[in-house]
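Work through these exercises with the sequence and structure at hand. Try each task before reading its solution.

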Amino acid sequence: MSEAGPLPRPEPQYATAGQQAEAAAFGMWVFLATEILFFGGLLLAYTWLRASHPEGVAEAGRHTKVVIGSVNTLVLLTSSLTMALAVHAAEQGRRKALTRLLAVTALLGLLFLGLKGYEYHGEWTEHLVPGLNFHEDSPHARTIELFYFLYFLLTGIHGIHVTIGIGLIAWLALRARHGAFSARHYTPVEVTGLYWHFVDVVWIFLYPLIYLVGRSGP
Amino acid sequence: MTGIPRSYLFTWAALVALLAATLGLAYVPMPGPLNIVLALGISVAKALLVLALFMKLFRAPALTRAAAAAGLFWLAVLFALSATDYLTRKVDPVGDLSAPTGREHRSGDR
């Protein structure tokens, strides 16, 4: 239970620690803006595929595992809550709460990846992996293959982001346990929180595009 | 558990409620593009909740908000300028307008 803690000295280019913290958050947002475009190109490809071949995309969507996808959405939303609570605990200098909440967030991230891996395994056994074992008897087979191509790219890149996030958060949890943060210095927690929430936001959009398309059909 | 801000718990509850709503609505047959419009509308609502309450974007300094807005602006440019091509192009060729290439036997692929 550290109280305010020593005031960290800002790096020479900053006038105050507050300005330094603001610059760190700004830098993360600039990075997140590039991330929007990173995912944006793939989402554009998805939009084109769906607009040009609606029936095929609907059929492909019905192959996805909606239960795992929905549970995983719940897991990520909950991990965003624990991350927000972790930042709040850091603001108040509550070291134990901060350490625990960061650990829970990382564990929820691991649960997400575990479920995703189980899902990938199912897709492998159902011969839905383009380039490796794709096989589908349907007039829309080519569209379904393209859908799954985008599916693996989007969820794969998202999964890499989740993996990086878990690593960062686990590292923060270790540092928090050793008292590296205080109510006056918790910028790494705050900035990593922004990253984690962004990864959650990306999933919020991937979820309906992947799992809910075509559900109202036959 | 002291000091848990209720606003965070309410935000989470709202996110879960919206998740349930979008999942349920996906199974209801609707005319035209209404399904996807509703699903994306709910996604936007969820994203706004996360941005506003978890990421505190709207209380951030103007420069930070500008960085976030720039990301969305260039995403809009990406989609809008691409649409000028794809929305004005037929997926299936109207007729064979191309000069012979010697690879015509491949044209049945898609």
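**Exercise 1. Find which residues form the nonpolar patch on the surface, and its accessible area.**

Solution. The patch consists of Leu25(B), Val28(B), Leu34(B), Val37(B) and Leu38(B). Together they have about 360 Å² of accessible area (Shrake-Rupley method, 1.4 Å probe, only the protein chains shown counting as cover). Patch residues have over 30% relative accessible area and no salt bridge, with nonpolar side chains joined within 5 Å.

The model is predicted: local features need pLDDT of at least 70, side-chain atom pairs need 80 or more, and totals for chains, interfaces and linings use all residues. Residues are numbered from 1 along each chain, chains are lettered from A in the order written, and side-chain values use heavy atoms without hydrogens or water.

**Exercise 2. Describe how chain A meets chain B.**

Solution. Start with contacts (heavy atoms within 4.5 Å): 46 residues of chain A touch 46 of chain B. Then take the salt bridge count, which is one (Lys or Arg side-chain nitrogen within 4 Å of an Asp or Glu carboxyl oxygen). Glu91(A) pairs with Lys56(B), their closest N and O atoms 3.4 Å apart. Finally, α1(A) supplies the largest share of chain A's side, 16 residues.

Terms used. Patch = residues over 30% accessible without salt bridge, like charges linked within 9 Å, V, L, I, M, F, W, Y side chains within 5 Å. Helix = DSSP H or I, 4+ residues; strand = E, 2+ residues; numbered from the N terminus.
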